[in-house]
Amino acid sequence: MTDRSGDGRREGIVGARSLAVALAAGAAGVAGSYAVAAFTPSFVAGPIAGLLARRMPDVVVRYAITVLGDLGEQLNVVTAVAIAVALFGAAALVGLAVARRREQASLGPPTTGVLVGVLAFGTTAAPLASVAAGLAAGLVVAVGNLASRTGGGGISSDRRRVLGGVGSAVVALGGGYVLGSRGSFGGDTGAAEPLEVTDTLRAEIDDLLAMAGERSLDVDDLDPLVSETFYEVDINATDPTITADEWELSVTGAVDEAVTYDYADVRTIEAENRFQSLRCVGESLNGRKMDNALWTGVPIMELVDPAGPGEECCVMLRAADGFYEEFPLSALEDGFLAFGMNGETLPRGHGYPARALIPGHWGEINGKWLTEIEVLAQEVDGYWEERGWHGTGPVNTVAKLHHQTRFPDGRIQVGGHAYAGTRGIRAVEVSTDGGDSWAEATLSEPLPGEDVWRQWVYEYDLPGREHEVVVRAVEADGTVQPEAASKAFPSGPTGWVSRTISP
Ligand SMILES: Nc1nc2c(c(=O)[nH]1)N[C@H]1C(S)=C(S)[C@@H](COP(=O)(O)O)O[C@H]1N2
Ligand SMILES: [Mo]
């Protein structure tokens, strides 16, 4: 098969120019999808990224989580976008080939458009975003056709086709980016609508947030007691988009009678405010996946008890993104169903419309986009336990070191957050001689709550030589955080954080 179009020069079926136009069409298709879907599961790269993450060998996923962190997630999304461009590009190549075989250039755009649309729909099942993908890809081929037919000072018609195609794709990329980003980045982490609460509850929220501000230590580069940005860990690249109207939560399994609630049902229960910190089992010892917020919601047993759960061993939380985690029913008893965060509606990235909060445990059992609470008579593995992790238990105690300043008078200040789940923090001890002698750090005044981190700072004179600062937390009952160091996999990092400081 050869190319007899344009200025008659022969070109192989996947000649460089067809390839360029096809890739431009593919990129435009992805941009079209993004323009309509934004960064949601309807965006064609969303399901591909999810598939990639699930098909990846466990060791690679583990490496991505524990070593690459957020970079691993970004790599996953970039790869997914590249695959989507290649997929749509291949569809456009077929469209171009059909047009050439029939010697009818006008067949290229509709064939490309339909093929890309069908591929997008097959990937996402999202009609509108798929139509947009098809339209954008078809349009690029059409502009390429048009450009090849309009005479242009000494530029061959094939080259004009490429220029037209690539040019229009660039426009599509810009437009897609602008359209897709309208509010979607805000929407990802920001609240969709104001949180509706009683005046009493609102006043309490304001007071508690003010208290958290006042009790935060006056240290510039350290997150205050209510985190300014709260980490996110998800099994998928894109977050579910469930509205409060669609949302339902069922209590099922080994219960007297299954019960299903909608959002309005939950809101008839008297709401409360709670500070609670979360920490991810997959973070590094001195990592950044530990944060604190003020949550508004209801005690989760208010929803579970009416179903009659009996004396079973365990419970499985299931979520709208396909996530599931199992843990002892006893841990659920202090659990909370949150629909508000820091005085606002729970952001989509943190589980809108509602998420579970289980005091004292690793982050992973704090199911976001919660849809089902299944009471179980037998233990089973959750999503991460099937992948080798042991992250359903109580968090490990840690004192992190994220702040370091040197004052003009030569003194040094170090600081960070300390967290021990529901065991509580009594003290943070600092050694500036590699662990030979210890002194107590200044702690932030505790916030109300059973499961809340604290900040610490410590100031000392620069010893004039290289020295090692070591930090360890002491739990409320006097237990000193274990020194033995272990990596995040499989049950969370342990050990004392240390840092070498030069004179
Ligand atoms: N539905 C759902 N819930 C989830 C997850 C998820 O991927 N899907 N990730 C879990 C993990 S591993 C952690 S550490 C916490 C993080 O909560 P955050 O993203 O609000 O910080 O949510 C947990 N809940
Ligand atoms: Mo996690």
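**Entry 1: Arg215.** I began with a single side chain, remembering that this is a predicted model. Arg215 has a relative accessible area of 23%, so I put it down as partly exposed, since buried would need a value under 20%. I then looked for its partner: Arg215 makes a salt bridge with Glu445, with 3.7 Å between the closest N and O atoms.

**Entry 2: all the salt bridges.** Next I searched the whole structure and got 11 salt bridges. The bridge of Arg215 and Glu445 links distant parts of the chain, 230 residues apart. Arg215 belongs to helix H9, while Glu445 is in the loop between strand E16 (442-443) and strand E17 (454-461).

**Entry 3: where domain 2 meets domain 3.** I listed the contacts and found 27 residues of domain 2 touching 28 residues of domain 3. The two domains bury about 2400 Å² between them, and 60% of that is on carbon and sulfur atoms.

**Entry 4: polar links across the interface.** The rule gives 2 salt bridges across the interface of domain 2 and domain 3. I also counted 15 residue pairs in polar contact between these domains, both residues being at pLDDT 80 or more. On the side of domain 2 that touches domain 3, the elements giving two or more residues are helix H9 (199-215), strand E3 (272-279) and strand E4 (290-299). I sorted that side by class and got 11 nonpolar, 9 polar and 7 charged residues.

**Entry 5: Asp234 and Lys368.** Back on the salt bridges, I looked at the side chains of Asp234 and Lys368, which meet at 2.6 Å, N to O. Asp234 lies in the loop between H9 and strand E1 (248-253), and Lys368 in the loop between strand E9 (355-357) and strand E10 (370-376), so this pair ties together parts 134 residues apart in sequence. Are the two residues buried or exposed? Both Asp234 and Lys368 are buried.

**Entry 6: Arg411 and Glu459.** My next pair was the salt bridge of Arg411 and Glu459, whose closest N and O atoms are 3.1 Å apart. Arg411 is in strand E13 (residues 411-419) and Glu459 in strand E17, 48 residues apart. I noted Arg411 as partly exposed, at a relative accessible area of 25%. Glu459 is partly exposed as well, at 36% relative accessibility. I also came across a network: salt bridges with shared partners join Arg279, Glu283 and Lys400.

**Entry 7: Gly308.** Last, I turned to a glycine, Gly308, in the loop between helix H11 (301-304) and strand E5 (314-319). Its relative accessibility is 15%, so Gly308 counts as buried. What does Gly308 touch, leaving out residues up to four places away in sequence? I found Ala254, Val255 and Asp256. I also took the C-alpha separation of Gly308 and Ala377, 69 residues apart along the chain, and got 13 Å.

Conventions
Residues are numbered from 1 along each chain as its sequence is written. Chains are lettered from A and ligands numbered from 1 in the order in which they are written. This is a predicted model: local features need pLDDT of at least 70, side-chain atom pairs count only at pLDDT 80 or more; totals for chains, interfaces and linings use all residues. Side-chain values use heavy atoms; hydrogens and water are left out. Contact means heavy atoms within 4.5 Å. Buried area is the accessible area (1.4 Å probe) that two parts lose on being put together, summed over both. A salt bridge is a side-chain nitrogen of Lys or Arg within 4 Å of a carboxyl oxygen of Asp or Glu. A polar contact is a pair of N or O atoms within 3.5 Å; within protein, one must be able to donate a hydrogen and the other to accept it, and residues adjacent in sequence count only if both atoms are side-chain atoms. Helices (H or I, at least four residues) and strands (E, at least two) are DSSP runs, numbered from the N terminus. Ala, Val, Leu, Ile, Met, Phe, Trp, Tyr, Cys and Pro count as nonpolar, Asp, Glu, Lys and Arg as charged, and the others, Gly among them, as polar. Buried means under 20% relative accessible area, exposed over 50%, partly exposed in between (1.4 Å probe, protein chains only).
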